[in-house]
Amino acid sequence: MAQPFGSLLALLLFISYLTTTMATAAYNVVDFGAKPDGRTDAAKAFLAAWAAACGSNKPATIIVPSGGFLVSQALFSGPCRNTGMRMFIKGTLMAPAGYGDSTQWITIKYMEGLSIYGGTLDGRGQAFWACKNARRSCPYGATSLTIGQSKNLLLSGIKLVNSELFHMSIFASSGITLQGATITAPADSPNTDGIHIQMSSFVTITGSTMRTGDDCISMGPGTTDVRIENIKCGPGHGISIGSLGGAAQEAGVQNITVRSVEFTGTQNGLRVKTWGRPSNGFVRGVTFEHAVMKNVENPIVVDQNYCPGIVNCPGQSSGIKISQVKFNDVQGTSATQVAVKLDCSPSNPCTGIELQDIKLTYRNKRSLSYCKNVKGTASGVMIPPSCL
């Protein structure tokens, strides 16, 4: 009988752990004073273990054993003497009850060549969400895991749960690979995006499951050369490029591939979203393909008239130039009659939009498509009929 994937992954990680620890220096956070009791702040112990590993002359391994470790806040900073650091996490890192004015909980910065295997980061955001939902005066909220100004990082098998705000943020980094991740928060938790990418390149996200209260994955200005593949998304707001155009001077987004994603009960599926106001940004070279929609409100949507609350942009037009965006082999069910919506800017119409083999049905009614200020082509099966 075949081993379940989770058991096989655990075995492979354990073998890798044994092989690694025999050849490198190993630092167990418990030896530095961390207590797996879920009550004693282990931040100093974690940072002490990090400092020892970072200062090692040979590849080093940090070990976080089973148990719950309360970590108030931690910045794991480089550069380190070695670029072969690994961290094996079997336990759970638990956030404090509140962060005050801090906007980040666990941060990795200025690192190169770090690999992290396993582990759970519990942001314990329930009290923060309740405060926001009650419209009280609340702290800003924190991102659970921030990767900044780093390159060539691997995160494998990590679990992120109940972050106050974004679960993970990748900023000003390159060569970041995330595989086998699980990201979970209630559908009604506000602004709990799974992963947000900005000003970063060569990011790969594969084989992961995301159930959140906002975008499963969002891509902001300056995001380039991204591959997203084999993702299960839902509930949540889908996979989005944007929102873009928040500033008049803004870096563009290009060379994005989103492939083999299953969306279940999400607000959106594949989305490009820009503010309806001037900007010099752009989106080009994007491929969305082999997607399955299960009762998704807006399966395919380009919205260049984003203006929440009708504030700061009434009557204006998006300056973001969108071109060379392809939607190929998108199938399933729409929860609304308009299954394909391409609502582009009057001053900067979308160009080079391709629709190929789209099959999106809506209950027992005919599904519809909507196009405005868009130029492109359609081929293959077209349900709903193309408006291009």
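Visitor: What volume does the second largest pocket have, and which residues lie nearest its centre?
Guide: In this predicted model, the second largest pocket has a volume of about 470 Å³. Its lining is made up of 20 residues. Nearest the centre of the second largest pocket are Thr-103, Tyr-140, Thr-143, Phe-166 and Ser-169.

Visitor: Which elements give two or more residues to the lining of the second largest pocket?
Guide: The elements that do so are strands. They are strand S7 (104–109), strand S9 (143–148), strand S12 (168–171) and strand S15 (195–198).

Visitor: How many residues of each class are in the lining of the second largest pocket?
Guide: Gly is counted among the polar residues in this division. The lining of the second largest pocket has six nonpolar, two charged and twelve polar residues.

Visitor: How many cavities of 30 Å³ or more are there, and what is the volume of the largest cavity?
Guide: The count comes to one cavity of 30 Å³ or more. The volume of the largest cavity is about 90 Å³.

Visitor: Which element gives the largest share of the lining of the largest cavity?
Guide: Residues lining the largest cavity include Phe-76, Met-87, Leu-121 and Ile-158, and the lining divides into eleven nonpolar, no polar and no charged residues. Two or more residues come from each of strand S6 (86–94), S7 and strand S8 (115–122). The largest share, three residues, comes from S6.

Visitor: Why does Phe-76 count as buried?
Guide: Buried means under 20% relative accessible area. Phe-76 therefore counts as buried, as its relative accessibility is 4%.

Visitor: How many aromatic pairs are found in the whole structure, and which class describes the pair of Phe-46 and Phe-69?
Guide: A search of the whole structure finds six aromatic pairs. In one of them, Phe-46 and Phe-69 are 5.7 Å apart centre to centre, with 75 degrees between the planes. Planes over 60 degrees apart count as edge-to-face, so the pair of Phe-46 and Phe-69 is edge-to-face.

Visitor: Where in the chain are Phe-46 and Phe-69, and are they buried or exposed?
Guide: The pair links distant parts of the chain, 23 residues apart. Phe-46 is in helix H2 (residues 43–54), and Phe-69 is in strand S4 (residues 68–70). Both Phe-46 and Phe-69 are buried.

Visitor: What is the geometry of the pair of Trp-50 and Phe-76, and which elements does the pair link?
Guide: The rings of Trp-50 and Phe-76 are 5.1 Å apart centre to centre, with 55 degrees between the planes, and form a tilted pair. Trp-50 is buried, with a relative accessible area of 5%.

Visitor: Which residue does UniProt list for "active site", and which residues is it in contact with?
Guide: The unreviewed UniProt entry lists His-237. His-237 is found in the loop between strand S18 (224–233) and strand S19 (239–244). Leaving aside neighbours within four places in sequence, His-237 is in contact with Gly-213, Asp-214, Asp-215, Gln-267, Asn-268 and Arg-271.

Visitor: How far apart in space are Asn-230 and Thr-206?
Guide: Asn-230 lies in strand S18 and counts as partly exposed at 44% relative accessibility. Beyond four places in sequence, Asn-230 touches Thr-206, Gly-207, Ser-208, Arg-259 and Ser-260. Asn-230 and Thr-206 are 24 residues apart in sequence, and their C-alpha to C-alpha separation in space is 5.6 Å.

Terms used: Residues numbered from 1 in each chain as written. Predicted model: local features only at pLDDT ≥ 70, side-chain atom pairs only at ≥ 80, totals over all residues. Heavy atoms only, no water. 1 Å grid on protein atoms, 1.4 Å probe; cavity = no way out; pocket = protein on both sides within 12 Å on 5 of 7 lines; lining within 4 Å. Points joined across faces, edges and corners; volume = space filled by probe spheres on them. Helix = DSSP H or I, 4+ residues; strand = E, 2+ residues; numbered from the N terminus. UniProt positions renumbered as here; feature names shortened; annotations may be inferred. Contact = heavy atoms within 4.5 Å. Buried < 20%, exposed > 50% of the residue type's maximum accessible area, 1.4 Å probe, protein only. Phe/Tyr/Trp six-rings, centres within 6.5 Å; stacked < 30°, edge-to-face > 60°.
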